[in-house]
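Subject: Structure handover

Hi,

Here is the structure we discussed. Please load it first, then read the notes below.

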Amino acid sequence: MDADSLFFSLDAVAGSGNTLSPEQRAALQSSLLVLRRSYKFRRVLFWGKVLGLKQDYFIAQGRGEDELRDRKYLYSLNCIDWFLLPPATDSTVAQVSGAARGQFVGDPSFVYERVESPRMSEDEAAQSHVNKVNEETRLSVTVHQIDQDVSVVPRGAFIRNHHGLVHVNRSFAGLSESEAKKLDSFLHLSEAKNPKNPKPRSVLQNGELNPAMDFLDVLSDDVPKGSWSLQFESAGRVCILRSLLWLGLTFYHLPGTPQHGYVYIGDGTKHLDLPFML
C-alpha cells in the first residue's frame, strides 16, 4: 500500500477484519514519509504486519528506479523506528526451513534451534547437527516468500521499458468491472517463475499480449488451483482478492480508477494443507 494513500487503502481492505489502530495509522503516516527521505526511496509502501507472541512486526517496502528488482524491506516494532532487513538468499532460506518452527516471538534477536540426527549405519558414529537462525533472518525470508508467492497488481498497472526497467504506468486508468471479475486480469509483481518457458497459449491469446505489460505471471496459472478468493465489496465498488495460501494477504482495486494495493496481516505461516482441502 502506497504511503501517500495509506488511510484510504486500509479502509478498503478492512472487511477482512485485520486493520490497524488509529495510533498506529497516525504513526505510520508520518514515519513512512521520513523513511522515504532518509533512504532516498522513490516510493515507500506499507507492506503489512507479522504477528508475534510478544510484539508485532510492522513491515515497510522501499522501491527505487526499478519497481520489480530495486526493493528494500524494513521492520519496526513501534511504527516509528525502522531497521533494514537483511536480504533473503538461498542459504538463509535453507537455514530458516531447517530451524524455525511455530509462531514468531516478536524479538529480532531470538534464536531458533533445531537438532537433526541423521540416520547412520552401525559402523558410523551418529553425530547430531544443530540448526540455528535468528528471528530477524526468519522475518526477512518470510516477507520475501510472501512477496514471491502472492504479491498482486492489476494488469497494466506496471510497464517495462526498452531498458528492461519496470515502472508505474502513469496512464493506467484501472480495470473495467468485467475485467476485474477475472483472475486473468491480475498479475504477480515478482520475477516470472518460467520466463524462458511460459505456459503455452492459443494464437488468439498471444495476439492480445502486450510485451510491455504481460511480462509477469498471471494469477489464474497459480498452483494449486483455487488458491484465490475474488469478491466484490462495498456495494460492488471494490474488488477484493484474498490469498488462501498465505492467509492474511488482501488485495483491493477500485475498477475504473488507478487505486489498488495489497497488505499482509497474519502470523507469517504458509497454509500447506490447502492442496488437500480444495
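Which backbone nitrogen does the side chain of His253 reach? That of Leu175, at 3.1 Å. This is a polar contact (N or O atoms within 3.5 Å; within protein, one must be able to donate a hydrogen and the other to accept it, and residues adjacent in sequence count only if both atoms are side-chain atoms).

Ground rules before the rest. The model is predicted: local features need pLDDT of at least 70, side-chain atom pairs count only at pLDDT 80 or more, and totals for chains, interfaces and linings use all residues. Residues are numbered from 1 along each chain as its sequence is written, and side-chain values use heavy atoms, with hydrogens and water left out.

His253
His253 lies in strand S13. Strands (E, at least two residues) and helices (H or I, at least four) are DSSP runs, numbered from the N terminus. His253 counts as buried because its relative accessibility is 0%. The cut-offs are under 20% relative accessible area for buried, over 50% for exposed, and partly exposed in between (1.4 Å probe, protein chains only). Setting aside residues up to four places away in sequence, His253 touches Pro154, Phe172, Gly174, Leu175, Arg237, Val238, Cys239, Gln259 and His260. Contact means heavy atoms within 4.5 Å.

Leu245
Leu245 sits in the loop between strand S12 (238–243) and strand S13 (249–253). Its relative accessibility is 14%, so Leu245 counts as buried. Beyond its neighbours within four places in sequence, Leu245 contacts Ser227, Lys270, His271 and Leu274.

Aromatic rings
Rings of Phe, Tyr and Trp (its six-membered ring) pair if their centres lie within 6.5 Å; planes under 30 degrees apart are stacked, over 60 edge-to-face, the rest tilted. By this rule there are 8 aromatic pairs. One is Tyr39 with Phe41, stacked, at 5.5 Å centre to centre and 5 degrees between the planes. Tyr39 is partly exposed at 33% relative accessibility, whereas Phe41 is buried at 11%. Another is Phe186 with Phe251, edge-to-face, at 5.6 Å and 75 degrees. That pair links distant parts of the chain: Phe186 is in strand S10 (residues 186–188) and Phe251 in strand S13, 65 residues apart. Both Phe186 and Phe251 are buried. Ring pairs also join Tyr57, Tyr75, Phe83 and Phe104 into a cluster.

Helix H3
In helix H3 (residues 90–99), Thr92, Val96, Gly98 and Ala99 are buried. The buried residues of H3 pack against strand S5 (111–116), strand S6 (129–134) and helix H4 (135–150).

Best wishes
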